[in-house]
Amino acid sequence: MQSSAIDEAKLALDYHQDGSANGHHGAHQDLRMFGMVTFLIAESAIFLGLFTAYLIFRSTSQVWPPEGTPERELLLPGINSIILIASSFVMHQGQSAIRKNDVSGLKLWFGLTALMGIIFLLGQGYEYFHLEFGLKTNLFASFFYVLTGFHGLHVTLGLLLILAVLWRSRESGHYSSQSHFGVEAAELYWHFVDVVWVILFILVYLL
């Protein structure tokens with residue numbers, strides 16, 4: 001009778017310890033994602049400030065862009081926009097693959113996303129090289145370079161995250177259907193970059 005009670009106590013203790021360990025692990029996962037979301041909210045606040053300043057100057061100027069500002073070319077930025085937006089859908093296929101334990105699929109789709117990100121940056125560099133106005137030409141030109149350049153920096157950081165995922169995916173078992181926070185974080189950041197670009201493109205190129 002006493003032995004049975006001792007065994008039951010041990011069983012209850014083991015169950016409690018397992019539950020505590022699992023709860024701690026789950027909290028760790030949640031905190032990491034919470035940290036990522038908090039970081040993106042902070043980044044959103046910076047872009048919001050820049051967009052607000054741009055709209056204020058635009059609304060208070062009699063002519064916008066200022067007279068003498070060459071017309072913006074829409075073809076290349078439009079193609080770049082399609083590439084960047086499409087890359088989000090491509091990247092999502094990579095996360096879908098790893099949820100099925102398909103590491104090869106993850107590498108394929110993330111590799112394609114990285115290639116599309118590089119093409120976007122090269123296209124932006126080509127646009128800068130052929131623009132007929134400089135950073136100090138007028139207020140619009142200054143905003144143009146600050147907004148697109150700051151976004152380009154974020155694309156570069158997103159690209160580094162993707163490359164980091166690809167590098168770590170070389171390790172057998174590093175990513176799986178049960179463990180793929182790095183994949184989710186990189187995808188979330190890339191979606192953020194895409195959304196910001198859509199807003200930027202509408203404000204700077206279309207309006």
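Tutor: Helices here are DSSP runs of H or I with at least four residues, and strands are runs of E with at least two, numbered from the N terminus. Helix α2, residues 75-98, contains N80. The model is predicted, so local features need pLDDT of at least 70 and side-chain atom pairs pLDDT 80 or more, whereas totals for chains, interfaces and linings use all residues. Residues are numbered from 1 along each chain as its sequence is written, and side-chain values use heavy atoms, without hydrogens and water.

Student: Why does N80 count as buried?

Tutor: Buried means under 20% relative accessible area, exposed over 50% and partly exposed in between, with a 1.4 Å probe and protein chains only. N80 has 5% relative accessibility and therefore counts as buried.

Student: Which residues is N80 in contact with, leaving aside its neighbours within four places in sequence?

Tutor: Contact means heavy atoms within 4.5 Å. With those neighbours set aside, N80 touches I119, F120, G123 and Q124. The C-alpha atoms of N80 and G123 are 6.6 Å apart, although 43 residues separate the two along the chain.

Student: What makes α2 and α5 roughly antiparallel?

Tutor: Axes are lines fitted to C-alpha atoms, for helices over the stretch in contact, and angles run from 0 to 180 degrees between N-to-C directions. Angles under 35 degrees count as roughly parallel, over 145 as roughly antiparallel, 65 to 115 as roughly perpendicular and the rest as oblique. The axes of α2 and α5 (residues 181-206) cross at roughly 160 degrees and come within 10 Å, so the two helices are roughly antiparallel.
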